Every structure is written in C-alpha cells, then in structure tokens.
Amino acid sequence: VLFLQIVHILNMTSAKIVSFLLHPEESLHSLQNRIEFETGISTGNQELLLETGICLDPRKPASQCVIDGVRGWDSYMVYLFDKSKTVYDGPFASRSLSDCVNYIVQDSKIQLPIPQLRKVWAEAVHYVIGLKEDYSRLFQGQRAAMLSLLRYNANLIKMKNNMVSASQQLKAKLEFFHQSIRLDLERYSDQMAYGISSEKMLKAWKEMEEKAYQCAQAEDIGYLDEQIMALHTEIVELQKSPYARRQGEVMESLEQRAIDLYKQLKTRPPDHAYSDSTDMVKIIVQTVQSQDRVLKELFGHLSKLLGCKQKIIDLLPEIEVALNNIKEADNSVMQMQGKRQREIWHLLKIACTQSSSRSLVGSSLEGTASTPAATWLPQSSSGNTAPHPLSSLAAPEDGENFADVIRENVNYLELFSSILQEVRQEQSSMMVS
C-alpha cells in the first residue's frame with residue numbers, strides 16, 4: 001500500500017476532490033483523459049497547477065503530481081482550473097451533513113442522553129473542522145493561481161523590457177540614418193555639377209529615406225506599454241487586496257469553540273442525564289455562514305486573478321508580433337545604410353580612378369612637350385635658323401633618350417586606354433544596379 005501512488009485533484013470549478021491511482025509510468029496525457037471523464041473538462045482546457053503555481057510538464061510522467069516520501073502524500077493537492085473560464089461562480093454548497101448531525105440541526109432543543117450526544121457532537125466537530133479544511137484547500141488553490149499569475153507577469157515584464165530596448169535601439173538607428181542620408185544628399189547635390197551623377201542612384205536614396213519613415217512605425221509601442229502598465233498596476237492591487245490573504249480566522253475560532261464544547265461534554269459523567277444541542281448547532285450555523293462569506297470573497301478574487309492572467313495570455317502574442325516588426329525594421333535600416341555606404345565608396349573609387357587617369361595623361365603630355373627640340377633644331381646666336389652642321393647633330397646618347405621617351409609615352413597611352421575602359425564598365429554597372 002505504501003508504494004501505491006495516488007494523486008488528489010481539487011477541481012476549482014466545483015470545489016470537489018477527485019483521486020486517481022496512478023499506473024506505473026503513466027503519462028500526463030493519460031491522466032488528463034481520466035480527469036476529463038470525471039470532471040467534464042476537456043484536456044485542452046485543463047490547467048493543472050502545483051502548490052507553487054508551476055504548471056505540470058506534459059513531457060514528464062504523471063508521477064510528477066505526487067511528492068516523494070510518506071508524510072503528506074495523502075493531503076498533497078494538484079489544483080485543476082478550466083482555461084475556458086475566467087469567472088468562477090462560487091461560493092459552492094457546503095459539504096453535506098450526516099444524518100445524526102442533521103437531526104440536531106433540525107431541532108437543536110431536542111433532549112438526548114449524554115452518551116448518544118457525545119457521538120453526535122463528535123460528528124458535529126468533525127463537520128466544522130471539515131468546513132474549515134475545505135476553505136483552506138480552496139484558498140491554497142487561489143494562492144497557486146496567484147503564483148502562476150506572477151510567473152506569467154514576470155515573463156510579460158521580460159518580453160516588455162526586450163521590446164522597449166529593441167524599440168529604443170531602432171529609434172537611435174533611425175535618427176542616425178536620417179541625419180546621414182540628409183548629409184549624403186546635400187553633398188551629392190553639391191558635387192553633381194563637376195563630379196559623378198546617377199539619377200537612378202539618387203532616386204534609390206530618396207526611396208530609402210521614405211522607407212525609413214515607414215520603419216519608424218514599428219518603434220511605436222506606446223499602446224502596448226500602456227496596457228502592460230495598467231495590467232501591472234491591477235496585479236499589484238490584487239496582491240495588496242485583503243482577499244489575497246487567508247480569511248479563515250473566524251472559522252478557526254469556531255472550530256476551537258466546537259472542540260472545547262465537546263471536551264466539556266466529554267467530562268460529564270455518563271449518567272441518565274439529558275441535554276440539548278443548542279450551543280453546538282449555533283457553532284455549526286455560524287461556521288456555514290462564515291464559509292459562505294469567505295468563499296464568496298475567495299472566488300471573486302480568484303476570478304480577478306484569472307482575468308488578469310487571460311489578459312497576459314492575450315498580450316504575449318501582440319508583444320511577440322511587435323518585437324518581430326521592430327527586428328525586421330532594424331534589419332531593413334541596417335541593410336539600407338550598408339547599401340548606401342557601398343554606393344558611396346563605389347563613387348569614390350570611380351572619382352579616384354578618373355583623377356589618377358587625368359594626372360597620368362597630363363604628365364605624359366608635359367613630358368612630350370618638354371623634349372629638347374634644340375637637339376634637332378639648333379639655333380644660331382642671332383636667332384635665325386641655320387643649316388645644321390654635322391657637329392651639331394644629335395649624339396647617339398640623345399637618340400637613345402628620345403627612343404626611351406617614345407616607349408614611355410606608348411606605355412602611358414596603353415595604360416590610359418585600359419583605365420578608360422574600366423571606368424566605362426564600372427559606370428555602366430552602377431547605372432544598372
């Protein structure tokens with residue numbers, strides 16, 4: 001018997017306990033099917049919470065519902081909630097009276113012998129204790145719901161912080177992008193008259209600027225932030241509510257009074273005396289009334305907890321969508337920035353190539369013009385051209401220098417031709433892109 005695993009499920013929608021004997025290595029899904037058969041709550045709508053507010057893991061076996069060891073195994077509860085409901089219609093009817101207790105409740109002044117009255121009052125005390133324990137279990141279920149809500153809220157805050165951080169990063173990148181593209185457009189306009197121009201590239205830059213304004217819509221998360229802050233305030237108020245704390249003091253006091261009354265009766269000698277049950281019936285009635293009141297407050301508070309939890313569940317996908325939109329906008333801005341910088345460096349390469357080609361051509365032309373003509377056309381002292389004497393003809397060394405200059409110019413011309421061809425190809429490829 002000690003090795004048997006029994007799980008007790010407290011159905012928070014009906015305040016009833018159902019118990020199951022777990023089979024060896026039984027899966028949680030199998031247990032949920034059995035719960036559905038007993039309670040009518042479908043497996044998809046079942047939420048099984050431990051006392052700590054942790055939801056049972058469907059990947060683990062059903063034995064996770066049972067604590068290790070012997071002590072407390074028969075009082076450990078798993079709390080069942082219906083995810084399709086956010087409003088619970090409590091309080092529920094109190095546990096039923098036994099026949100003998102119901103007998104004295106119907107007529108509290110009836111006289112009974114002391115030995116028989118002891119048995120009746122013992123059952124009455126057990127009934128009062130049971131009412132208090134019923135409330136304690138339901139309160140523990142409400143506490144598990146509160147802890148589960150706080151876990152959801154912690155996850156919500158984490159996602160909200162990630163969303164706000166991503167939004168701020170996107171905002172900073174958009175500000176940098178707008179400032180840099182304005183500067184690029186201004187500098188581009190300044191150099192169009194004497195530099196390189198491309199209408200297609202200019203149009204693409206302006207389209208980037210318009211697209212950046214559209215990306216700015218993704219950083220607008222104010223409506224979500226307001227909902228999250230309002231929900232956070234509501235959760236804090238629920239935590240501060242007196243109904244979030246145990247309200248069974250009156251029932252505990254009535255329980256002690258019932259026990260004391262029974263002890264007084266027990267000390268009386270078992271003679272032929274008779275007595276009524278007026279005092280015990282008063283305690284029973286007051287306990288039932290107290291339970292009705294605290295259960296009404298408990299289930300009202302529980303409905304608010306479940307309502308907040310449902311709001312969080314509805315908000316999480318919206319935050320996920322907003323976060324994805326921010327990431328897509330961020331990637332788009334970075335891609336546009338990178339593309340524009342590559343185009344600027346491409347323009348710089350073309351401009352540098354053209355500048356170097358002009359300098360090479362200019363230097364080659366200057367070298368040709370500065371070739372000493374006096375070597376071939378010597379002048380007389382009077383400035384008139386005279387026939388060249390043999391002694392005035394170019395020496396072999398001068399002829400060799402002239403041949404070197406010609407070869408150098410030919411090499412420069414070939415280099416200039418290849419540079420011009422490369423520039424035309426780059427300009428045409430840039431126009432196409």
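These legends go with a set of close-up views of one predicted model.

Residue numbers start from 1 along each chain as its sequence is written. In this predicted model, local features need pLDDT of at least 70 and side-chain atom pairs count only at pLDDT 80 or more, while totals for chains, interfaces and linings use all residues; side-chain values use heavy atoms, with hydrogens and water left out.

**View 1. The overall layout.**
The protein has 8 helices and 6 strands. Helices here are DSSP runs of H or I with at least four residues, strands are runs of E with at least two, and both are numbered from the N terminus. Walk along the sequence and you get β-β-α-β-β-α-β-α-α-α-α-β-α-α. There are 433 residues, and 36% of them count as buried. Buried means under 20% relative accessible area, exposed means over 50%, and partly exposed is in between (1.4 Å probe, protein chains only).

**View 2**
Two packed helices are described by the angle between their axes and the distance between the axes. Here α3 covers residues 114-191 and α4 covers residues 199-215; their axes come within 10 Å and cross at roughly 155°. The axes are lines fitted to C-alpha atoms, for helices over the stretch in contact, and the angles run from 0 to 180 degrees between N-to-C directions. That makes α3 and α4 roughly antiparallel to each other. For the wording, angles under 35 degrees count as roughly parallel, over 145 as roughly antiparallel, 65 to 115 as roughly perpendicular, and the rest as oblique. Helix α6 (residues 249-267) also has an axis that comes within 10 Å of the α3 axis, crossing at roughly 165°, so α3 and α6 are roughly antiparallel too. The α3 and α4 crossing is left-handed, and the crossing of α3 and α6 is left-handed as well. Left-handed means the near helix is turned anticlockwise from the far one by less than a right angle; clockwise would be right-handed.

Lysine 160 and aspartate 225 meet through their side chains in a salt bridge, at 3.6 Å from N to O. This pair links distant parts of the chain, with aspartate 225 in helix α5 (residues 222-240) and lysine 160 in helix α3, 65 residues apart. A salt bridge, by the cut-off used, is a side-chain nitrogen of Lys or Arg within 4 Å of a carboxyl oxygen of Asp or Glu. Lysine 160 counts as buried at 15% relative accessibility, whereas aspartate 225 is partly exposed at 26%. Serine 167 is in helix α3 too, and at 8% relative accessibility serine 167 counts as buried. The C-alpha atoms of serine 167 and alanine 218 are 7.7 Å apart, although 51 residues separate the two along the chain.

Side chains of opposite charge can pair when their charged atoms come close. The whole structure holds 12 salt bridges. One of them joins glutamate 26 to arginine 34, with the closest N and O atoms 2.9 Å apart. Glutamate 26 is buried at 6% relative accessibility, while arginine 34 is partly exposed at 23%. Another joins the side chains of glutamate 252 and arginine 246 at 3.3 Å, N to O. Glutamate 252 is partly exposed at 35%, and arginine 246 is partly exposed at 30%.

**View 2. Loops around the strands.**
Alanine 15 is in the loop between β1 and β2 (16-21). Its phi is positive, about 60°, although alanine 15 is not a glycine, and alanine 15 is partly exposed at 28% relative accessible area. Glutamate 25 sits in the loop between β2 and α1 (28-39). Glutamate 25 also has a positive phi, about 55°, without being a glycine, and is exposed at 75%. In the loop between β3 (46-49) and β4 (77-82) you'll find glutamate 51, partly exposed at 28%.

**View 3. Leu4 and a nonpolar patch.**
Leucine 4 is in the segment before β1 (6-11) and is partly exposed at 46% relative accessible area. Together, Val1, Leu4 and Leu21 make a nonpolar surface patch of about 320 Å². Patch residues have over 30% relative accessible area and no salt bridge; like charges are joined within 9 Å, and nonpolar side chains (Val, Leu, Ile, Met, Phe, Trp, Tyr) within 5 Å. Accessible areas come from the Shrake-Rupley method with a 1.4 Å probe, and for residues only the protein chains shown count as cover.
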